[in-house]
Amino acid sequence: MKKILDQIRGNKWLQLGLLVGYIALTSLSLILAQRSVAAFLLLLLSFLLLYYTKLPNWSKWAIGLAIMFFILPFSAMQGPAYQEYMDVATLVGIYVSMALGLNIVVGMAGLLDLGFVAFFAVGAYTYGIFATAQANNFMPFGTYPLSGNSFWIFIILGCFVAALFGVLLGIPVLRVKGDYLAIVTLGFGEIIRIVFNNMDQPVNITNGALGLSSIAPPKIFGIELLYSNQIYFVVLFILLFIIFAVRSLEHSKLGRSWKAVRENEIAAQAMGIPLVKTKLMAFAIGASFSGMMGVVFAAKQAFIDPTSFTLLQSINILVMVLLGGMGSVPGVILGAAVVTILNAQVLNELTMWFNSLSTAGIITLPDAMSPVKMQRFFFGALLILFALYRSKGLIPAKNVVYDKRKFLSEKGTKKRLQSVAAPKEDEHDHTGS
Amino acid sequence: MTQVWDTLPQVLIDGLTLGAIYAIIALGYTMVYGILELINFAHGEIFMAGAFIGTAVLIGLTGLGWVAVMPAIFILLLVLVITGGLTGMLGMGIERLAYRPLRKASKLITLITAIGVSFLLQDIVRFITETQQNNYIVNTPSLFPGSLSISGLNIRYSFLVVIIVAILMMVALEFFVNRTKWGLAMRAVAQDQDTASLMSVNVNKVISVTFFVGSALGGATGVLFAIHYGTIDPYIGFILGLKAFTAAVLGGIGNIRGAMAGGMLLGLLEMFAAANLSAITAGLLSSEYKDVFAFAILILVLIFRPEGLFGRAAIEKV
Amino acid sequence: MTILEVEKLTKTFGGLTANKEISLQAEANKITAVIGPNGAGKTTFFNMITGVYKPTSGSIKLRGESIGGLKPHAVAKKGISRTFQNIRLFGPITVLENVLVGMHTHLKAGIFGTIFHLPGVDKEERIAEREAYRLLEYVGLEEHYNDEAASLSYGSQRRLEIARALATKPSVLLLDEPAAGMNPKETADLTGLIEKIKQEMDMTIILIEHDMKLVMEISDYIYVLDHGELIAEGLPAQVRHDKKVIEAYLGKGAAEEQEAEG
């Protein structure tokens with residue numbers, strides 16, 4: 001057995017062949033089976049297998065994109081559970097984006113934010129208010145609801161409004177010492193929820209506990225996107241942009257400054273890194289991802305109310321980040337996928353399975369203990385187990401690996417960075433900084 | 001303005017009751033933080049567990065017929081001791097299983113574990129309760145029904161009970177911490193763990209005792225809460241815990257007297273807000289915002305005076 | 001020319017006076033040492049210069065410009081860099097990345113430039129990586145460039161801290177007990193490195209150190225602190241025989257013995 005594994009590990013073409021075969025098999029079973037959660041999950045698993053193969057990066061991305069854009073939708077399309085599958089896939093996309101946002105705050109900058117769902121809420125309500133008649137209550141100009149055409153602008157708008165909230169939240173909060181930061185952000189998250197819940201008087205801005213309904217669906221070229229499979233592609237594009245942005249940040253001055261601040265604030269300052277500004281950037285960017293997806297969520301669900309934005313949700317996303325691997329992009333993606341599917345599909349399936357077992361008289365599980373209700377229990381247990389035994393997560397964060405050949409070649413000019421003092425071997429370069 | 005004045009006596013009474021409860025729960029937070037520099041997120045749940053265990057014991061005793069026969073004070077004492085003992089052990093167990101292995105780990109991870117424990121406890125209580133009686137909201141039988149009426153003021157007997165027991169507990173803790181050997185050991189470990197161990201203090205034992213005492217008190221407070229307010233659910237620990245933590249920070253985290261003061265102060269402020277917020281802000285903010293009020297205080301204190309009212313600013317060695 | 005001028009710098013913490021009216025001049029391209037028994041207030045002194053503490057009174061001037069009370073990152077930007085008494089590396093990240101962090105103030109990439117890969121940004125990164133690698137070569141750590149910083153040996157970690165400090169391209173380099181915990185061979189290598197920096201770079205070095213051999217060997221001028229006060233200053237040869245200095249380190253008896261020997 002070991003010999004076979006070693007052989008696979010060594011041979012790229014073998015890996016490719018096996019992977020393609022696996023994808024074909026799972027998509028085929030998805031197409032044939034009427035409604036099989038297992039087949040769907042197995043197809044999603046192919047992403048994980050893809051990650052571990054030793055194929056060159058460009059081909060991994062090509063295969064991954066092919067699965068995301070064609071194979072998955074196509075296979076799911078053949079059966080009656082099409083919208084269900086796409087719904088789950090869309091939800092995964094939304095949560096992966098948020099988890100990546102929280103990953104920047106918690107994983108990279110080391111700031112434990114327990115109120116993260118607030119930015120999601122901000123994005124959702126930003127679109128929700130203007131895409132329903134709600135805005136008429138307080139806006140001095142314009143008629144509402146805005147048509148779904150404005151959805152696309154609102155994605156950008158939601159991004160910036162959430163970022164703004166991130167900064168506003170950050171400014172007071174970041175002066176607070178490490179552990180307290182968690183409590184304070186938790187407090188803020190709750191405050192936002194309570195405020196949204198009560199903003200129906202004196203001026204009705206959020207419609208309070210009643211929520212906003214009939215939110216305008218996205219509209220493009222005159223076509224309304226009402227179905228999950230359509231929203232799926234919207235989510236996919238935003239998600240890909242977010243992944244691209246996060247990877248760029250990881251290998252940049254800003255990403256490094258976050259890691260420095262996380263590891264040793266005093267040393268980071270001594271290197272010229274402004275603490276507050278750096279932390280605010282982390283908050284703002286993390287928040288902006290959630291804000292964008294909040295807009296999409298509102299459009300997709302067509303109804304939002306404060307109960308969608310509770311502490312449980314914030315913890316949800318935290319579990320994703322911890323489970324996957326703090327600071328690790330592939331880890332967080334995996335973690336988000338696992339937790340979302342757990343919530344959306346697996347718990348339901350487990351409950352139905354237990355129900356069938358009890359009708360068959362094999363075991364009786366009291367209703368109070370049905371898996372669907374035991375969400376907190378599972379989260380709590382997962383958090384504890386992973387914190388104790390695998391705090392680095394399923395796919396631990398890996399350091400950036402540099403290839404000295406790439407930067408030592410004299411490509412690019414022999415320019416030097418502007419300096420205050422320079423080694424005397426080059427000429428004195430007292431151009432001030 | 002007259003509304004403020006009129007409601008003041010009732011606000012005082014309710015505020016003191018709530019404040020006493022906050023104060024004792026705050027003690028649990030502050031003691032653990034003083035020793036381990038850890039925010040025991042699950043402490044609120046210990047309080048909640050105490051409320052449920054106490055209720056269960058009380059219902060059991062009622063079933064046995066003891067309640068009808070014996071004086072209420074005695075029953076209360078019995079319930080407090082049993083519940084305190086059980087929650088104390090629960091707290092100790094949590095420290096042993098979930099926190100001790102992570103002593104060397106980063107604060108982030110320990111905090112996350114605490115959150116996990118918190119969630120776990122909430123759900124365990126929920127499904128046990130729900131399995132028993134189809135609903136996770138429980139009504140606690142009242143041990144001290146009835147009330148006094150003094151010049152138009154309605155003072156429930158249970159209020160007196162809560163206040164007196166709370167004060168007794170606080171006095172007992174003061175004595176324990178300042179006048180006993182164990183208390184001295186606790187203070188030593190809180191100051192400097194390594195040196196204390198060099199002075200042959202068994203640090204692990206001291207930490208266990210700290211958790212036991214804090215949790216026992218928290219659990220006992222849960223009983224008081226259940227008896228006074230009558231209705232409990234698995235989620236009371238969360239909000240109350242958060243506010244008690246606010247109280248601990250307000251008073252100066254790690255400072256026991258500060259926690260007591262902070263608790264009382266917060267209770268009074270909150271009741272005041274609940275009664276008068278609408279009037280003061282001319283209807284802009286309803287009393288729903290009283291929770292926001294507590295959070296706002298927390299945030300303000302942490303920003304402008306993180307060492308609290310009675311604490312001393314800590315200086316990090318560079 | 002005096003690069004760094006400190007005048008009557010004082011720091012009190014509540015009732016404790018950690019530094020009392022300390023005055024110091026660091027000459028350009030020279031190594032100025034600050035020595036004294038433990039608890040003399042040397043690190044507090046450094047902390048005030050680098051902005052970690054705000055001086056209670058007194059002034060700090062870099063090339064005539066007052067920098068007292070500035071925040072640490074602002075001081076770093078002005079061109080003062082340091083190493084720490086207790087090593088403060090960024091442990092889990094790579095050796096090269098640690099040095100790259102040091103280049104923070106010289107990189108211009110902003111948030112939008114980074115995400116959208118605007119033209120100058122990637123090129124700037126390459127140049128920074130190359131320079132960081134060169135610095136690692138300078139201190140002899142280049143073969144560890146992809147290793148985790150925390151995995152380095154103690155002596156290597158200290159050298160990495162120096163490389164990181166150099167990456168900020170400072171005009172004043174503060175070394176806080178760089179030889180602490182080193183064996184004689186490592187100390188000799190370190191001495192050589194500091195000398196090399198002094199000779200080859202346009203740098204002013206201020207050094208806190210307990211290793212007297214190292215101090216006497218490379219210092220151009222020495223200041224001696226004890227109980228927060230400046231008790232002596234001068235050239236190494238003078239300070240070595242100063243009665244107050246010997247008394248501070250070894251006690252009154254030793255001082256008198258020294259005097260008797262003449």
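**Close-up views of a three-chain model**

**View 1. Around B:Thr17.** B:Thr17 touches B:Phe159, B:Val162, B:Ile163 and B:His228, leaving aside residues up to four places away in sequence; contact here means heavy atoms within 4.5 Å. This is a predicted model, in which local features need pLDDT of at least 70, side-chain atom pairs count only at pLDDT 80 or more, and totals for chains, interfaces and linings use all residues. Residues are numbered from 1 along each chain as its sequence is written, chains are lettered from A in the order in which they are written, and side-chain values use heavy atoms, without hydrogens and water. B:Thr17 sits in helix α1 (residues 2–36) of chain B; helices are DSSP runs (H or I, at least four residues), numbered from the N terminus. With a relative accessible area of 1%, B:Thr17 is buried (under 20% relative accessible area, 1.4 Å probe, protein chains only). From its C-alpha atom to that of B:Gly34, 17 residues along the chain, the separation is 26 Å.

**View 2. The ring pair of C:Tyr133 and C:Tyr145.** These two rings form an edge-to-face aromatic pair, 5.4 Å centre to centre with 90 degrees between the planes. Rings of Phe, Tyr and Trp (its six-membered ring) pair if their centres lie within 6.5 Å, and planes over 60 degrees apart count as edge-to-face. C:Tyr133 lies in helix α5 (residues 119–139) of chain C and C:Tyr145 in the loop between α5 and α6 (154–167), so the pair ties together parts 12 residues apart in sequence. C:Tyr133 is buried at 3% relative accessible area, and C:Tyr145 is buried at 11%.

**View 3. An aromatic cluster, and charges over rings.** In chain A, one aromatic cluster is formed by A:Phe120, A:Tyr125, A:Phe196, A:Phe297 and A:Phe309. A:Lys60 lies over the face of A:Tyr51, 5.7 Å from the ring centre. In chain C, C:Arg164 lies over the face of C:Phe90, at 4.7 Å from the ring centre. The rule asks for NZ of Lys or CZ of Arg within 6 Å of the ring centre and within 35 degrees of the ring normal.

**View 4. Where chain A meets chain C.** The contact takes 54 residues from chain A and 55 residues from chain C. Together the chains bury about 5000 Å², 63% of it on carbon and sulfur atoms; this is the accessible area (1.4 Å probe) that two parts lose on being put together, summed over both. Across this interface the rule finds 2 salt bridges, each a side-chain nitrogen of Lys or Arg within 4 Å of a carboxyl oxygen of Asp or Glu. C:Glu97 forms a salt bridge with A:Lys259, the closest N and O atoms being 3.3 Å apart.

Definitions and conventions
Phe/Tyr/Trp six-rings, centres within 6.5 Å; stacked < 30°, edge-to-face > 60°. Helix = DSSP H or I, 4+ residues; strand = E, 2+ residues; numbered from the N terminus. Buried < 20%, exposed > 50% of the residue type's maximum accessible area, 1.4 Å probe, protein only.
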